[in-house]
Amino acid sequence: MKVNDIYSTSVILVTGAKDESEYKEIAVPLFNLVLSKCFNENNHLRRFKEKDALKEIPTVGSLNDEIPYEDEFATALKYGLAAELHIADADMDDGKHSIYLQMFADEVNKWAMKAVEESVVDVYAEY
């Protein structure tokens with residue numbers, strides 16, 4: 001999935017229409033901000049899927065870039081970007097960003113709650 005797929009849906013959530021031109025200049029930096037907000041949760045899901053964790057927060061350079069996170073985060077990223085676009089466009093926010101931030105958090109946390117098996121050190125073994 002490309003960043004543009006997330007962006008298109010986010011613009012519809014923000015404006016109720018399909019005019020994407022208004023936010024194109026700020027979309028990539030705001031998308032990178034959203035990526036940073038769910039980096040740990042994405043790594044948790046990667047460990048759950050038995051993949052290596054990402055070492056640093058990835059960024060994108062354009063709307064045509066592939067999303068560097070697991071596909072399960074697509075819905076969360078749409079809500080997160082919609083919230084950031086609402087915040088950036090103070091003329092039309094009316095507090096709607098808080099709804100999208102809550103939906104973003106709900107989606108992110110859904111994946112962060114997956115149990116990941118890890119080894120532990122038995123500190124009582126010698127007693």
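Which helix is Asn40 found in? Asn40 sits in helix H3, residues 39-48, where helices (H or I, at least four residues) are DSSP runs numbered from the N terminus. With a relative accessibility of 56%, Asn40 counts as exposed; the cut-offs are under 20% relative accessible area for buried and over 50% for exposed, with partly exposed in between (1.4 Å probe, protein chains only). Asn40 and Ala112 lie 72 residues apart in sequence, yet their C-alpha atoms are 8.3 Å apart in space.

A word on the model comes next. This is a predicted model, in which local features need pLDDT of at least 70 and side-chain atom pairs count only at pLDDT 80 or more, while totals for chains, interfaces and linings use all residues. Residues are numbered from 1 along each chain as its sequence is written, and side-chain values use heavy atoms, with hydrogens and water left out.

H4 has 15 residues and runs 21 Å from its first C-alpha to its last, close to the 21 Å expected at 1.5 Å a residue; the expected span is 1.5 Å times one less than the number of residues. Of the 15 residues of H4, 12 are buried, so the helix is largely enclosed by the rest of the structure. Among the buried ones are Leu77, Lys78, Tyr79, Glu84 and His86. The cover over these buried residues includes H1, H2 and helix H5 (96-112).

Two of these neighbours can be looked at in turn. Two packed helices are described by the angle between their axes and the distance between the axes. Here the axes are lines fitted to C-alpha atoms, for helices over the stretch in contact, and angles run from 0 to 180 degrees between N-to-C directions. Helix H1 (residues 3-15) packs on H4 (residues 74-88) at about 50 degrees, with the axes 8 Å apart. That makes H1 oblique to H4, given that angles under 35 degrees count as roughly parallel, over 145 as roughly antiparallel, 65 to 115 as roughly perpendicular and the rest as oblique. On the H1 side, the contact (heavy atoms within 4.5 Å) includes Asp5, Ile6, Tyr7 and Val11, and on the H4 side it includes Leu77, Lys78, Leu81 and Leu85. By class, this contact of H1 with H4 has 11 nonpolar, three polar and two charged residues; Ala, Val, Leu, Ile, Met, Phe, Trp, Tyr, Cys and Pro count as nonpolar, Asp, Glu, Lys and Arg as charged, and the others, Gly among them, as polar.

Buried in H1 are Val3, Ile6, Tyr7, Ser8, Ser10, Val11 and Val14, and the buried residues of H1 pack against H2 and H4. After H1 comes Gly16, with a positive phi near 80 degrees.

Helix H2 (residues 24-37) meets H4 at an angle of about 125 degrees, with the axes 9 Å apart. H2 and H4 are therefore oblique to each other. Residues of H2 including Ile26, Leu30, Phe31 and Val34 touch a set in H4 that includes Gly80, Leu81, Glu84 and Ala88. The contact of H2 with H4 has 11 nonpolar, one polar and two charged residues.

Asn32 also has its place in H2. Asn32 is buried, at 17% relative accessible area. Leaving aside neighbours within four places in sequence, Asn32 is in contact with Pro58, Thr59 and Val60.

Methods: Helices (H or I, at least four residues) and strands (E, at least two) are DSSP runs, numbered from the N terminus.
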